[in-house]
Amino acid sequence: HGFQMFRSVFNVFDSVIVLATVVDGLAQFFQDMSGGTNLSFARLLRNLRLLKFMRAFRVAALFSDLRVLIKTVTSSFMALISSMVLLALIFVAAGILLAQMLSGFITDRGSDLELRIWVFRNYGSA
């Protein structure tokens with residue numbers, strides 16, 4: 001009956017998280033005891049703390065409303081990325097258009113020099 005717990009994937013996942021936390025705690029303890037010597041696996045074990053974050057998704061599976069909310073957020077993430085790319089392209093296009101429109105004014109020697117310098121500083125340089 002003792003190993004019945006390990007038939008569930010979630011229980012194995014929780015056990016790995018607990019084991020990683022214990023090993024990380026022991027590694028930090030021995031690192032402090034040895035005067036701060038750098039253990040090569042200490043960084044790896046600290047990165048295993050990210051597994052604790054994944055545990056929240058296990059809890060989300062228990063609540064249907066929370067599961068729907070998480071699925072909605074993850075589904076909308078690609079739309080957010082696409083919107084950011086589109087916005088960046090619009091900014092670049094507007095910058096190119098503005099630079100092209102003002103290049104004639106900046107190089108025109110008949111215009112006021114002070115205004116040409118102001119336009120160049122604000123719109124004509126990177």
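The following dialogue examines how several descriptions of this predicted model are reached.

Visitor: What makes the overall pattern of the protein α-α-α-α-α?

Guide: The protein has 5 helices and 0 strands, and reading along the sequence gives α-α-α-α-α.

Visitor: Why is serine 111 called buried?

Guide: Its relative accessibility is 18%, and buried means under 20%. Serine 111 therefore counts as buried. This residue is found in the loop between H4 and helix H5 (113-124). Buried residues make up 11% of the 126 residues in the protein.

Visitor: Which residues is serine 111 in contact with, leaving aside its neighbours within four places in sequence?

Guide: With those neighbours left aside, serine 111 is in contact with Phe105 and Arg116.

Visitor: How do you know that the side chain of serine 111 makes a polar contact with the side chain of aspartate 108?

Guide: The value for this pair of side chains is 3.0 Å, and a polar contact requires N or O atoms within 3.5 Å, one able to donate a hydrogen and the other to accept it. The pair of serine 111 and aspartate 108 is accordingly listed as a polar contact.

Visitor: Why is alanine 99 called partly exposed?

Guide: Partly exposed lies between the limits of under 20% for buried and over 50% for exposed. Alanine 99 has a relative accessibility of 37%, so it counts as partly exposed. Alanine 99 lies in helix H4 (residues 64-107).

Visitor: How far apart are alanine 99 and glycine 124 in sequence and in space?

Guide: Alanine 99 and glycine 124 are 25 residues apart in sequence, and their C-alpha atoms are 6.0 Å apart in space. For the protein as a whole, residues 24 or more positions apart account for 30% of the contacts with a separation of 6 or more.

Visitor: How many aromatic pairs does the structure hold?

Guide: The structure holds 1 aromatic pair. The pair is formed by the rings of tryptophan 118 and tyrosine 123.

Visitor: Why is the pair of tryptophan 118 and tyrosine 123 called edge-to-face?

Guide: A pair of aromatic rings is described by the distance of the centres and the angle of the planes. The centres of tryptophan 118 and tyrosine 123 are 6.0 Å apart, and pairing requires centres within 6.5 Å. Their planes stand at 75°, and planes over 60 degrees apart count as edge-to-face. The pair is therefore edge-to-face.

Visitor: What makes tryptophan 118 and tyrosine 123 partly exposed?

Guide: Tryptophan 118 has 47% relative accessibility, and tyrosine 123 has 41%.

Definitions and conventions
Residues numbered from 1 in each chain as written. Predicted model: local features only at pLDDT ≥ 70, side-chain atom pairs only at ≥ 80, totals over all residues. Heavy atoms only, no water. Helix = DSSP H or I, 4+ residues; strand = E, 2+ residues; numbered from the N terminus. Buried < 20%, exposed > 50% of the residue type's maximum accessible area, 1.4 Å probe, protein only. Contact = heavy atoms within 4.5 Å. Phe/Tyr/Trp six-rings, centres within 6.5 Å; stacked < 30°, edge-to-face > 60°.
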